[in-house]
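Have the model open beside you as you read.

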Amino acid sequence: MSKPPVTRPPPLVQRPAWKALQAHHQKVREVHLRQLFADDPLRGERFAAEACGLYLDYSKNRITDETLQLLLQLAGECELREHAEAMFTGRKINVTEQRAVLHTALRAPREERIVLDGIDIVPQVHAVLDKMAEFTRQIHAGEWLGFTGLPIRNVVNIGIGGSDLGPVMAYEALRHYSHRDMTFRFVSNIDGTDFAEATRDLKPEETLFVVCSKTFKTLETLTNAQAAREWILRKLVDERAIARHFVAVSTNVEGVAKFGIDARHMFGLWDWAGGRYSMDSAIGLTTMLAIGAENFQAMLAGMRAMDQHFRSAPFGRNLPVLMGLLAVWYNNFFDAQTVAVLPYEQYLKRFPAYLQQLTMESNGKHVTLDGARVDYQTGPIYWGEPGTNGQHSFYQLIHQGTRLIPCDFIGFCQPLNPLARHHDLLTANLFAQTEALAFGKTQEEVRAEGTPDWLVPHRMFEGNRPTNTVLAERLTPETLGCLVALYEHSVFTQGVIWQIDSFDQWGVELGKALAERTIPELESPQEPQLEHDSSTNTLIRRYRQFRKLQKTGDSS
């Protein structure tokens, strides 16, 4: 692969806005949110933005008007608008793989034209979506029958990374809209327990496996797919059963056919949509089977609305840009190491896990686009759990610990499952947490409650802990699409500022390559010649010793 030409922009830390932000940070780093709100009674209304049904309150951030102005200036100096246009129009901004980045094309309307290498790719996208919709109709109508003539009642998605995290997150998030007469399971881990537990109570005659692997060579996915194949054949025996109980999401026609899947039942992908950006492609087939084609299209419409907002809205009112710039502010100037994402919605329980791949695989990079080592922090660690569970787990550290942890709170005004006072209590907790994190409780306030002096330090809260609050009316498929695209474009914004390639993932390759070397050393009946470091060699020998004892016990 020849090295593509790269235009070298000025180093990030030498840009005027970056230097100005460094100086500005020295002035505002000790300013408390209590003071900022006292000085500006309308702050909560001014530091807010709204688009695509999402209301973003970013007033509880440690920023002033000058901070915001300098961050927006930084976005301009880093040519964020130009980089965004390059992405939307199909320029090959994934420079290390010389690929376009066009996940936004996966939700483009039929009438739009997006030309890549002289070909309009939108008709291809909609051909796959139409094929997915027709297959979904057949499953729901009972027209697609298993090998023994029974309709499909169970769907098991087999994938890993973006081929699992997106579909399982979307299924859990939209379970309220799912077909409850069907069972949906997801297998990703190469640990045999994952497959065993996913299939333990299912009947092979009524089960369909959706195997998601772009290359149809991914070790974990193909290993689990082979286990599924054997599971089906143990009951149905006939090899012809494979074609009625497996479909594939892949580009490898030969590999799919060799496995026994009818090539007509393969749903295509493209290399211009990376795995963690592909839940709205055929990778989302299981999601569509769960919620139906109409709801899936509504999710795409939400994504498309946020795409258009990101592409056209002024940066000062642009939700993904604001969130991305705030992430840079804390990561690079306050040295915040992590970001907590805290959805106050049980259906979004897998959303933080989905964001972990989206954010950390995208921006966990140590060199710039031209290969120079960065001299600043890039991607922070994303993590989180649904509220109110997290309040009784890790919120203690956020409130009174020594680390600064910016938080994104996500809430909804209307519940999907109204139950007594539950939703009011849930939302009250959300609002109370952001208030407590921002303003804390002073020593004077603690003493005024009659607290003994010795106990005052333990019950005092410093506050000044920054939060964003994203509020929507209701969790719908369209709202989920907006949320996903919001974070996609926030990640992109951060990557542009840091001058890194947010769309490659070379960091996952080394461990996979070493595993290929190690597998035969674990499985060989003969003692292998080990040439690893002394730690790895010792671990391999110990593993082999215990596996040998297990096999001896099994045979006896």
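**Spaces inside the model**

The largest cavity holds about 120 Å³ of space. Here a cavity is a set of points on a 1 Å grid over the protein atoms alone where a 1.4 Å probe fits but cannot get out, and its volume is the space filled by probe spheres set on the points, which are joined across faces, edges and corners. This is a predicted model, in which local features need pLDDT of at least 70 and side-chain atom pairs count only at pLDDT 80 or more, while totals for chains, interfaces and linings use all residues. Residues are numbered from 1 along each chain as its sequence is written, and side-chain values use heavy atoms, with hydrogens and water left out.

Around the largest cavity are 16 lining residues (those with an atom within 4 Å of a point). Met323, Ala327, Val339, Asp408 and Asn468 lie nearest its centre. Helix H14 (319–333) contributes the largest share of this lining, four residues. Helices (H or I, at least four residues) are DSSP runs, numbered from the N terminus.

Which residues line the second largest cavity? They are Ala327, Tyr330, Asn331, Ala336, Thr338, Val339, Pro380 and Pro406. About 30 Å³ of space lies there, and H14 again gives the most to the lining, with three residues.

Now turn to the largest pocket, with about 1,100 Å³ of space. A pocket is an open set with protein on both sides within 12 Å along at least five of seven lines. Of its 43 lining residues, Thr218, Gln505, Val508, Glu509 and Lys512 are the closest to the centre. Helix H21 (509–523) gives the most to this lining, with six residues.

Technical notes
Helix = DSSP H or I, 4+ residues; strand = E, 2+ residues; numbered from the N terminus.
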